Amino acid sequence: MPDIRLRIELLDTDPLVWRRVVVPEKINLHRLHELIQDVMGWADCHLFEFECNGRYYGEPDEWSDRPIALARNAKLKSLAARAKDGSFHYLYDFGDGWEHRIVVEAAGLEETNPCPRLIDGAMACPPEDIGGTGGYAALKAAASGEKDEYGQELLEALGGEFDPEALDEAEIADMLEPFQAGFRRQGDAPRKLRPTQAQPLDMDESLKAQGINSIEELMQVLQGEIDKNR
């Protein structure tokens with residue numbers, strides 16, 4: 001299962017908000033959408049859409065005015081192979097219109113563990129529902145001390161603090177753990193479980209759960225195991 005390295009860029013942001021990730025090439029576009037949400041910092045509360053060479057992938061709905069293929073039925077490998085100039089687009093929140101360019105930096109890479117994973121990136125993701133890139137610029141202006149009325153409203157809604165340069169890689173790594181479990185590869189070491197307090201065993205319930213309802217049935221099962229191991 002080869003890997004693909006992607007660079008995800010949030011367009012029309014300055015400085016650029018971006019992330020670099022390595023993902024399995026067999027990942028489908030719906031899972032890639034979920035991964036983008038986690039590594040960028042979105043909350044996954046709006047519609048999304050991928051576009052590559054005039055073809056669209058997402059979740060079809062009654063308001064769509066063009067054919068949209070199911071994202072879960074399309075693989076990243078196929079999209080990357082068709083992408084002109086080695087890139088395709090991802091749109092999140094049709095109202096705010098957060099457009100991302102996804103650059104295929106390398107394909108056919110030797111598979112690695114863990115995967116998917118974040119390699120690097122820069123800048124904080126914009127908050128949800130702030131009016132797109134214009135709202136993001138206003139918020140950053142207010143956070144830097146400039147007098148921007150709309151930006152100040154947004155900043156106050158966030159509790160008066162916003163660091164546009166913040167990127168918590170440790171938090172992103174934690175959020176990617178479920179993805180890594182879903183793409184577990186040969187040689188992965190099983191994760192150590194936290195010790196928990198032992199619970200008293202209810203023998204009757206345990207036996208009933210195994211379909212054993214009497215001492216006679218238990219003896220038959222035990223004798224069968226003895227005979228089998230002789």
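Analyst: Buried means under 20% relative accessible area, exposed over 50% and partly exposed in between (1.4 Å probe, protein chains only). Helices (H or I, at least four residues) and strands (E, at least two) are DSSP runs, numbered from the N terminus. The model is predicted: local features need pLDDT of at least 70, side-chain atom pairs count only at pLDDT 80 or more, and totals for chains, interfaces and linings use all residues. Residues are numbered from 1 along each chain as its sequence is written, and side-chain values use heavy atoms, with hydrogens and water left out.

User: Why is the pair of Phe48 and Phe50 called edge-to-face?

Analyst: Rings of Phe, Tyr and Trp (its six-membered ring) pair if their centres lie within 6.5 Å; planes under 30 degrees apart count as stacked, over 60 as edge-to-face and the rest as tilted. The centres of Phe48 and Phe50 are 6.0 Å apart and the planes stand at 80°, so the pair is edge-to-face.

User: Why is the pair of Phe50 and Tyr90 called tilted?

Analyst: Here the centres are 4.9 Å apart and the planes are at 45°, so the label is tilted. Phe50 lies in strand 3 (residues 48-52) and Tyr90 in strand 6 (residues 87-92), 40 residues apart. Both are buried.

User: How do you know that Arg101 forms a salt bridge with Glu9?

Analyst: A salt bridge is a side-chain nitrogen of Lys or Arg within 4 Å of a carboxyl oxygen of Asp or Glu. The closest N and O atoms of Arg101 and Glu9 are 3.0 Å apart. Arg101 belongs to strand 7 (residues 98-109) and Glu9 to strand 1 (residues 3-10), so the pair ties together parts that are 92 residues apart in sequence.

User: Why is Glu9 called buried, and why does Arg101 count as partly exposed?

Analyst: Glu9 has a relative accessible area of 8%, so the residue is buried. Arg101 is at 30% relative accessibility and therefore counts as partly exposed.
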